[in-house]
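Visitor: I am new to this structure and would like to know the grounds for the terms used to describe it. Please show it to me before we start.

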Amino acid sequence: MKKAVKVICAIIAILIALLLIILINHRVQLNRESALRAPLGQMVEVGGHNMCVYTEGTGKSTLVFLSGGGTCSPILDFKSLYSLISDQYRVAVVEKFGYGFSDVVDKSRDIDSILEDTRAALTAAGLTAPYVLCPHSMSGLEALYWAQKYPDEVSAIIGLDMAVPEYYDSMDINIPLMRIASWAANWGLTRFLPGISESDAVKHGTLSDTDKAIYQAVFYSRTATVTMINETEWVKENAKKVSGLGAPQLPMLLFLSDGSGGTGFDQETWRKIPIEYIAQVDGGTYIELDCPHYVQDYKYDTISEHILSFLSGL
């Protein structure tokens, strides 16, 4: 029995030592990567904390890109797409709290708080409505709510495989798993998982080698942040609120993926839900794409062409 206890204690000591080595390595690497995490956009103050807003291009209309849940670097995730549009329109990417170069803040992520943060950040960055909203995934809820609550501020919605409320009726959300991922990221365990930092934007987009290095550096500091987890905990309640207000009536174009890439739905169900939703919107239309969920990293050429055509017809 004494020998068994000694063995167990030795194993525990080794594990603790290993975790400490991993943590120290993580802190050292974060320090080395600090230059890569210099904000790519303008830092603005919202509620006493900093948010990052990136702008590019000029034009009478401003396209505001809103990232999906858990996208660690929105500015770079959308780059392959907005770089094909910014010669004709002003584009803006808002990085919510907990994402990209914005502060990680432990605060409520109810739909009103999220929207007011975004509006305040855009105003602080010198941008004015009306906007064309370009949400990906979970941010579809924010875009729809924005059009419902402030219809004069939204001239159109271009959904990049965006979420509509009905998705969350049956979506299985694993918060405990997100907390484990957050713990692993904070301790630096993710650095030892091959390929985990290579997002769709890195593997399939048009990012330069420097962009890829920045994306990966941001990944190690913005994975499953407490803000992201809070947002996920609120998402079903947010979906109910948006659903209760009905579909907003404004020009709307939805790009639909094949449902692969982590949605948790089969292709038929993934496409059926937004098609039924857009049918409620007068003049709403959709385009089906043969690619995974992060459509902006796969079909950026096709999407940009359809966006330009859509906007020219408004």
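Visitor: In which sense do strand 5 and strand 6 pair, and what makes them a pair?
Guide: The model is a predicted one. In it, strand 5 (residues 131-135) and strand 6 (residues 154-160) are joined by three bridges and run in the parallel sense. Two strands count as paired if there are at least two bridges between them, so the three bridges of strand 5 and strand 6 qualify. Leucine 133 stands opposite isoleucine 157 in strand 6.

Visitor: Why are strand 1 and strand 8 said to stand at the edges?
Guide: The open sheet has eight strands in the order 1-2-4-3-5-6-7-8, and its pairing is mixed. Strand 1 (42-46) and strand 8 (285-288) each have a single partner strand, so one side of each has no neighbour in the sheet. From one strand to the next, the twist averages 25 degrees.

Visitor: Why is helix 1 called roughly perpendicular to helix 6?
Guide: The axes of helix 1 (residues 2-32) and helix 6 (residues 175-187) cross at roughly 70 degrees and come within 8 Å. Angles of 65 to 115 degrees count as roughly perpendicular, and therefore that term applies to helix 1 and helix 6. Among the residues making the contact are Leu19 and His26 of helix 1 and Trp183 and Trp187 of helix 6. By class, this contact has seven nonpolar, two polar and one charged residues.

Visitor: What makes helix 4 roughly perpendicular to helix 5?
Guide: Helix 4 (residues 111-124) and helix 5 (residues 139-149) pack at an angle of about 80 degrees, with their axes 10 Å apart. That angle makes helix 4 roughly perpendicular to helix 5, since the term covers 65 to 115 degrees. The contact includes Asp112 and Arg119 of helix 4, together with Glu142 and Lys149 of helix 5. Its residues divide into seven nonpolar, one polar and five charged.

Visitor: How do you know which residues belong to the lining of the largest pocket, and which are closest to its centre?
Guide: A lining residue has an atom within 4 Å of a point of the pocket. For the largest pocket, 46 residues line the space, and the closest to the centre are Gly69, Gly70, Thr71, Gly262 and Tyr294. The volume of this pocket is about 1,300 Å³. By class, the lining has 21 nonpolar, 17 polar and eight charged residues.

Visitor: What volume has the second largest pocket, then?
Guide: About 190 Å³. Helix 1 and helix 6 each supply at least two residues of its lining.

Notes: Residues are numbered from 1 along each chain as its sequence is written. This is a predicted model: local features need pLDDT of at least 70, side-chain atom pairs count only at pLDDT 80 or more; totals for chains, interfaces and linings use all residues. Side-chain values use heavy atoms; hydrogens and water are left out. Axes are lines fitted to C-alpha atoms, for helices over the stretch in contact, and angles run from 0 to 180 degrees between N-to-C directions. Helices (H or I, at least four residues) and strands (E, at least two) are DSSP runs, numbered from the N terminus. Angles under 35 degrees count as roughly parallel, over 145 as roughly antiparallel, 65 to 115 as roughly perpendicular and the rest as oblique. Contact means heavy atoms within 4.5 Å. Ala, Val, Leu, Ile, Met, Phe, Trp, Tyr, Cys and Pro count as nonpolar, Asp, Glu, Lys and Arg as charged, and the others, Gly among them, as polar. On a 1 Å grid over the protein atoms alone, a cavity is a set of points where a 1.4 Å probe fits but cannot get out, and a pocket is an open set with protein on both sides within 12 Å along at least five of seven lines; lining residues have an atom within 4 Å of a point. Grid points are joined across faces, edges and corners, and a volume is the space filled by probe spheres set on the points.
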